[in-house]
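Reader: I would like to go through the labels used for this model. Please set each value against its definition.

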Amino acid sequence: MGFIKEFKEFAVQGNVMDMAVGVIIGGAFGKIVSSLVDDIIMPVVGVLTGGVDIKGLEAVIGDAKITYGLFLQNIIDFLIIAFSIFCVIKAINKMKKKEEPKPEAPAAPTTEELLADIKEILKNK
């Protein structure tokens, strides 16, 4: 029963909803980045490389066709998404540091503690 109770606490805390929203936004962001790479970056790269369609690059080994151009395009997608997520997390962490309260000064000793200290000093003389 401990596992089920722990899962209920996890689900009720809002972590599941936060994660679901993150997955949905991440999926949409992935489509935007894929479109950016497919429709803007790769045509420019194609022009710079003399009209070579990077997406169409392939190697044929026997009967196998290896489409490494598509793989390169997916690597570019990944790098853009990873860099974007890094920047967002860095900004969030920076904001959290500003929000963290400063540690409170240690509490002043109570009257009883001061009297005990004085008593100890007098006893040692």
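Reader: What makes the radius of gyration of the protein chain stand apart from that of a compact globule?

Author: The protein chain has a radius of gyration of 30 Å, but a compact globule of 125 residues would have one near 14 Å. The radius is taken over C-alpha atoms, and the globule rule is 2.2 Å times the number of residues to the power 0.38. Along the principal axes, the C-alpha atoms fill a box of roughly 95 × 45 × 30 Å. This is a predicted model, in which local features need pLDDT of at least 70 and side-chain atom pairs count only at pLDDT 80 or more, while totals for chains, interfaces and linings use all residues. Residues are numbered from 1 along each chain as its sequence is written, and side-chain values use heavy atoms, with hydrogens and water left out.

Reader: Which secondary structure elements are there, and in what pattern?

Author: The protein chain has 4 helices and 2 strands, in the order α-α-β-β-α-α along the sequence. Helices (H or I, at least four residues) and strands (E, at least two) are DSSP runs, numbered from the N terminus.

Reader: Why is Gln-73 called buried?

Author: Buried means under 20% relative accessible area, exposed over 50%, and partly exposed in between (1.4 Å probe, protein chains only). Gln-73 has 2% relative accessibility, so Gln-73 counts as buried. This residue is in helix α3, residues 68-99. Contact means heavy atoms within 4.5 Å; leaving aside neighbours within four places in sequence, Gln-73 is in contact with Val-37, Asp-38, Met-42 and Lys-55.

Reader: Is Asp-77 buried or exposed?

Author: Asp-77 has 8% relative accessibility and therefore counts as buried. Asp-77 is also in helix α3. Not counting residues up to four places away in sequence, Asp-77 touches Val-33, Ser-34 and Val-37. For the protein chain, buried residues make up 8% of the 125 residues.

Reader: How do you know that Lys-65 and Glu-58 meet in a salt bridge?

Author: A salt bridge is a side-chain nitrogen of Lys or Arg within 4 Å of a carboxyl oxygen of Asp or Glu. The N to O value for Lys-65 and Glu-58 is 4.0 Å, and the count by this rule comes to 1 salt bridge. Lys-65 is exposed because its relative accessible area is 55%, and Glu-58 is partly exposed because its value is 39%.

Reader: What makes the group that includes Ile-66 a nonpolar patch?

Author: Patches are made of residues with over 30% relative accessible area and no salt bridge; like charges are joined within 9 Å, and nonpolar side chains (Val, Leu, Ile, Met, Phe, Trp, Tyr) within 5 Å. Ile-66 has 40% relative accessibility, so Ile-66 counts as partly exposed. Ile-66 lies in strand β2, residues 64-66. The patch also includes Phe-71, Ile-75 and Phe-78, and its residues together have about 790 Å² of accessible area, computed by the Shrake-Rupley method with a 1.4 Å probe, where for residues only the protein chains shown count as cover. The largest share of the patch, 6 residues, comes from α3.
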